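Please look over the following notes with the model open beside them.

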Amino acid sequence: MSEFWLISAPGDKENLQALERMNTVTSKSNLSYNTKFAIPDFKVGTLDSLVGLSDELGKLDTFAESLIKRMAQSVAEVMEDSKGKVQENLLANGVDLTSFVTHFEWDMAKYPAKQPLVGVVDTLRKQLAQIETDLKTRTAAYNTLKTNLENLQKKSKGNLFTRTLSDIVSKEDFVLDSEYLVTLLVIVPKPHYTQWQKTYESLSDMVVPRSTKLITEDSEGGLFTVTLFRKVIDDFKTKAKENKFMVREFYYDEKEIKREREELTRLLSDKKQQYGPLLRWLKVNFSEAFIAWIHIKALRVFVESVLRYGLPVNFQAVLLQPHKKSSTKRLREVLNSVFRHLDEVAAASILDASVEIPGLQLNNQDYFPYVYFHIDLSLLD
C-alpha cells in the first residue's frame, strides 16, 4: 500500500516497551511494516510559539499536499503520450517515493535544525510558495500553447460541414481573379451523387458546364466544386438547398491558408521545444516539493509530541506502512489498545464509541491517544 502512518509516543521506558509490543503484534499479525522515523532535536522556544506553529504547520501541510498533487497532474498532462511512464518520473532525490519516505533523513544543509523552528518553517513556506508561483507561470504558458494547437488541429477534424477545408483544397480547384466567374464548394449527400451530376448545371442560369469535380468525401457525403457567374450565386444557393445540396461558405485565400499552415507548424515546433525543459523542471521541483512535504510531516510530529508529552523533549517517532487496506481497522485497534494509557479518557471513548463523556468533545475518527499523521501517496497515482 502507498499509505503510511507516522506516530509518536513518549520515550520513557514504559512507552518504549509499548512500542515493542506494538511492533510484535503488528509483525505477527502481518498488519504493517514498522520503522523508526528519525527527527532531529530542534530549538523548542516557548509553548505559546509551538501552539502557533502547530496551526501554521497544519495549513502548510495541506498546501504542500495540494501542490505536489497538482505537480503530479501536470507531469501526467505534459506526458499525455506516455502516460504509462508518469510514475517513474515522480521521484524524490532520485528514488521512488515509498523508498524516500521509509528511509527519510532530515536534510540538515537545507533546513538546519540549529535555527529556531520558526525559521525552518519559514524556509519551507517560502520554498513551496516559489515553486507554486513558478508552476502557475510555466504551466499557464504551456497550456495556452497546447490549447491553441488543439483548437487549430480540431479544425481538421469533424465532417465536411464544420472542418477546415484549407488542407483539402488546392489553388487548381478554383477559378481565381475573375471579374465574372466564381467557384463554389458544395456538399452533396452520398445517395444524391447521381442527382447532382445530372442537375447541377440547371440549378440556375450561367453555370459553367462540366465544371464540377469531387475533391474529397467522408462517410456522409462528398465535396464538389462548381463554377458559375457571380451574379447568380444567391439563386444557385437557394436552388441547391432545395435539392439537399449545401453550399459551403469558403473562398480560397492563398495567403490565409499559408498563414494557417505556418501557424500549425510553429505551434507544433514550440510545443516540442517547451516539452523537454518543462518536464525537467516539473521532475526537479516535484522532488523538491515532495521532500519539503515529508519534512513538514516530521516537524508536525515534533511539535505535536512536545505539546502532547511535554518537556524535556523525549519521544520516539515510528513510521508504519499498513500491508493492506482491509487491515487498517485492526491496526488502529492495536495502536489504541497499546497506547490507551497515554490518555485513558480519550482511549476509552475510541475503543467504545457508545461512551459519552461529559465535557469532552471528540471525533472518534480523528483523535488518538498518541500523535498521529497520515501520508497518502495514492493521491499521486
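**Notes on aromatic contacts and backbone**

1. Phe 302 has a relative accessibility of 1% and so counts as buried (buried means under 20% relative accessible area, exposed over 50%, partly exposed in between, with a 1.4 Å probe and protein chains only). Phe 315, at 17% relative accessibility, also counts as buried.

2. On the source: this is a predicted model, in which local features need pLDDT of at least 70 and side-chain atom pairs count only at pLDDT 80 or more, while totals for chains, interfaces and linings use all residues. Residues are numbered from 1 along each chain as its sequence is written, and side-chain values use heavy atoms, with hydrogens and water left out.

3. There are 21 aromatic pairs in the structure. Rings of Phe, Tyr and Trp (its six-membered ring) pair if their centres lie within 6.5 Å; planes under 30 degrees apart count as stacked, over 60 as edge-to-face and the rest as tilted.

4. Trp 196 and Phe 236 make an edge-to-face pair, because their ring centres are 6.5 Å apart and their planes stand at 85 degrees. Trp 196 is in helix α5 (residues 193-199) and Phe 236 in helix α6 (residues 233-242), so this pair ties together parts that are 40 residues apart in sequence. Helices (H or I, at least four residues) and strands (E, at least two) are DSSP runs, numbered from the N terminus. Both Trp 196 and Phe 236 are buried.

5. The pair of Phe 302 and Phe 315 is edge-to-face because the ring centres are 5.9 Å apart and the planes are at 65 degrees. Phe 302 belongs to helix α7 (residues 254-309) and Phe 315 to strand β9 (residues 315-322), so the pair ties together parts 13 residues apart in sequence. One aromatic cluster includes Phe 302 and Phe 315, and among its other members are Trp 106, Tyr 111 and Trp 293.

6. The charged end of Arg 332 sits over the ring of Phe 368, 4.0 Å from its centre, and over the ring of Tyr 372, 4.2 Å from its centre. A charge sits over a ring if NZ of Lys or CZ of Arg is within 6 Å of the ring centre and within 35 degrees of the ring normal.

7. The peptide bond from Leu 311 to Pro 312 is cis, with omega near -5 degrees. Pro 312 is in the loop between α7 and β9.

8. Met 206, in the loop between α5 and β6 (213-217), has a positive phi near 65 degrees without being a glycine. With a relative accessible area of 36%, Met 206 is partly exposed.

9. Arg 210 is found in the loop between α5 and β6. Its phi is positive, about 50 degrees, although Arg 210 is not a glycine. Arg 210 is exposed, with a relative accessible area of 73%.
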